[in-house]
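Let's take a walk through a protein together, going from one residue out to the whole fold. Have the sequence and the 3D view ready.

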Amino acid sequence: MAISLIRFAQVAAEMLAVTLVPRLGLGRFGFTVFLPRPAHEAVAAELTFIEAMVRRALFLIAAARGALVAPSVPPKARPAAGPAAPSAPASGRARAPLFRLTEPAARVRIGRKAAPPSTPHPAAAAAPPPTEDTLLPSARLVRRLRALETVFLDPEANILRMRRLLAPYPEKILSRRGYDAARAASDNAVNFRLLGQVQGLVDGALLQMRLDTG
């Protein structure tokens, strides 16, 4: 029963991802560069839900197969000084983005701390608040969808990555924040129930891991 549920979750996630292709205008010659704010937010919400479902399916399959300890790689011998070898020619094909397997427990903003303003400039006007007519760039949404596509095309490679993540810290891969964000992103009752059932399997797998290692 659990295997059937995981398989159904995989198929459902892939079908939902396929529906985003025309909404992003993906084709041979690119994609729709800008989307109106409502459309952009709707696609982002769908991606959040699909990503959470895919991570949990990969986690459950990896847990069933068992964690893998990353093999120790011996240090490479330092090459003798000499003329640099010619670099391989670039293929000209962009590498597909890697699907993120872990969910952060809390959002951490890392960046340059803004200096306190010295003298306020009276002519500096605040940016107008975004409206429904505001156009937002869709490149990041396309990267997220393409990362999902790599999982659908080659799930075994991502299952292997997940099995290696299970060894050091299985409880830090999936977070409550990621689950809550996915629930808030979906207003479909069937999808909502499916995510809850898959999360139940995840909680059971984590409990079994604690019992096995405790």
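## Starting at asparagine 191

Asparagine 191 is buried, with a relative accessible area of 14%. Here "buried" means under 20% relative accessible area, "exposed" means over 50%, and "partly exposed" is in between, using a 1.4 Å probe and protein chains only. You'll find asparagine 191 in helix H7. Helices (H or I, at least four residues) and strands (E, at least two) are DSSP runs, numbered from the N terminus.

Which residues does asparagine 191 touch, not counting those up to four places away in sequence? They are Leu16, Phe49, Met53 and Ser186. A contact means heavy atoms within 4.5 Å.

## A word on the model

This is a predicted model, in which local features need pLDDT of at least 70 and side-chain atom pairs count only at pLDDT 80 or more, while totals for chains, interfaces and linings use all residues. Residues are numbered from 1 along each chain as its sequence is written, and side-chain values use heavy atoms, leaving out hydrogens and water.

## The overall plan

The protein has 7 helices and 2 strands. Read from the N terminus, the order is α-α-β-α-β-α-α-α-α. Of its 214 residues, 29% count as buried. Among contacts with a separation of 6 or more, 89% are between residues 24 or more positions apart.

## How H3 meets H7

Let's go back to H7 and look at its partner. The axes of H3 and H7 come within 10 Å and cross at roughly 35 degrees; these axes are lines fitted to C-alpha atoms, for helices over the stretch in contact, with angles from 0 to 180 degrees between N-to-C directions. On the H3 side, the contact includes Phe49, Met53 and Phe59. On the H7 side, Asn191 takes part, and so do residues including Leu194 and Val198.

## The nonpolar core

The largest nonpolar core has 46 residues. Such a core is a set of buried Ala, Val, Leu, Ile, Met, Phe, Trp, Tyr and Cys residues joined through side-chain atoms within 4.5 Å. H3 gives the most to this core, with 14 residues. Met53 and Val54 are among the residues with the most contacts inside the core. Leaving aside neighbours within four places in sequence, valine 54 is in contact with Ala13, Phe99, Leu148, Val151 and Phe152.

Helix H1 covers residues 2-18, and its 17 residues should span 24 Å at 1.5 Å a residue; the end C-alpha atoms are 25 Å apart, which agrees. That expected span is 1.5 Å times one less than the number of residues. The buried residues of H1 are Leu5, Ile6, Ala9, Ala12, Ala13, Leu16 and Ala17. They cover an arc of only 130 degrees around the axis, which puts them on the same side of H1. The arc is that of the directions from the helix axis to the C-beta atoms. The face turned away from that buried side carries the exposed residues Ile3, Ser4, Arg7, Met15 and Val18.
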